Amino acid sequence: MMPLSDGSVSFRRVVSNSAIATKKRVVPVVSAKLELKDIIGAWKVRWGIGRSKYRVDPGLYALGAPSTESPVMVTANYKLSFDALRKELGGIDTWILVLDTKGVNVWCAAGKGTFGTEELISRLGMTELKKYVTHRTLILPQLGAVGLAAHEVAKASGFRVVYGPVRASDIPAFLAAGMKKDPSMRRVRFGLYDRMAIAPLELSQAWPYVAVALGLSVLLPLLERNLDMGNFGRHLLVFAAPLVVGTLVFPALLPYLPFRAFVAKGAVLGFAWTTVLGLVLGMGLLEAIAFFLVAGSVIAFIAMNYTGSSTYTGLAGAKLEVKFGLPILIVAVVVGAALAVFRFVPLFLRGILS
């Protein structure tokens, strides 16, 4: 019998108590309906809670009551990917083959090679899929194509690879049309909802910077001996607002910012934000330059992180941005910090000596 992992918490969340006993094996049966704990789990992962452990066991699953002629869907063992697929298959009896992508989604895993040719061939052998279906067709997500060589899969396993729609919601129509895609099913869309859905994770990872920003917002008014709320709010805008601009404003404006590289897009947004705020707050030239170099670099850095979360770039593009963009941002922060220190050291000394 195929072992059911006792150590996998995510397995118990996803798989019902039902199982199909066939060919001397037990295939777990899953439902197309997401439960409340699945929805809460997805929300937690969006905020970076337990993300690395949010996975299901790789292997073969049954949705509904699939037969030997039912389609076979292939996906990653990242639970969000698994859930996104199964919730769109209500009323469709199908097999779901889950690859071991180390808990990474299809698109990213394909770029890293874990949603790849070797893993697919290996998983076909381990699950003995040929004993469950009479056909030899696998339906894979289009975004996984970059990681696979379909001809090698066919040669090694006898299974033909067919790439399905970009979005799981189009799978029912795709199957009804005889596994044919219309142009809309091939189009990769990264709309406002998709872009903002990844913002909470960026916000959750920015808490150390938020702590530093809040500390500086309190410390500097103390040194200035100006503790009114207006002065505190001014410093809060200077130190904390760039984090909000980078994590929330940038993804919202992503398609409208010039340049292709995300770090360049972020730099443009950073320049615009710091210029406007510098004028509103009446900053002097030295303070404004320091503010632009540091805050603008923070916004550009956060923007650069989105290369790994969007469909605008690939793995090679993300690596290229980090290689060339990160050193520039580091230099800008160092120079900006030096100017800020030059600006605030006299203030600090007056606060200590007086």
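Predicted model: local features only at pLDDT ≥ 70, side-chain atom pairs only at ≥ 80, totals over all residues.

Mentor: Happy to. Residues are numbered from 1 along each chain as its sequence is written, and side-chain values use heavy atoms, with hydrogens and water left out.

Strand β5 covers residues 94-99, and six of its six residues are buried, so the strand is largely enclosed by the rest of the structure. Buried here means under 20% relative accessible area, exposed means over 50%, and partly exposed is in between, with a 1.4 Å probe and protein chains only. Helices (H or I, at least four residues) and strands (E, at least two) are DSSP runs, numbered from the N terminus. The cover reaches both faces of β5: Thr-94, Ile-96 and Val-98 are buried on one side, and Trp-95, Leu-97 and Leu-99 on the other.

Now for the neighbours in the sheet. Two strands pair if DSSP finds at least two bridges between them. Strand β4 (residues 72-76) is parallel to β5, with five bridges. Strand β3 (residues 59-63) runs antiparallel to β5, also joined by five bridges; there, Gly-59 has Val-98 as its bridge partner.

β4 is itself mostly covered, with five of its five residues buried. Val-72, Val-74 and Ala-76 lie on one side of β4, Met-73 and Thr-75 on the other, and all of these are buried.

Next, the side chains. In soluble globular proteins, nonpolar side chains tend to be buried together. A nonpolar core is a set of buried Ala, Val, Leu, Ile, Met, Phe, Trp, Tyr and Cys residues joined through side-chain atoms within 4.5 Å. The largest such core has 27 residues, of which Phe-115, Leu-120, Leu-129 and Leu-138 touch the most other members. At least two residues of this core come from each of β2 (25-30), β3, β4, β5, α4 (106-112), α5 (117-127) and β6 (137-140). α4 gives the most, with four residues.

Leu-120 brings us back to our opening pair. Leaving aside residues up to four places away in sequence, Leu-120 touches Val-74 and Leu-97, along with Leu-99, Leu-138, Leu-140, Leu-148 and Val-153; contact means heavy atoms within 4.5 Å. Apart from this core lies another, of 17 residues, among them Ala-32, Tyr-61, Ile-139 and Met-185.
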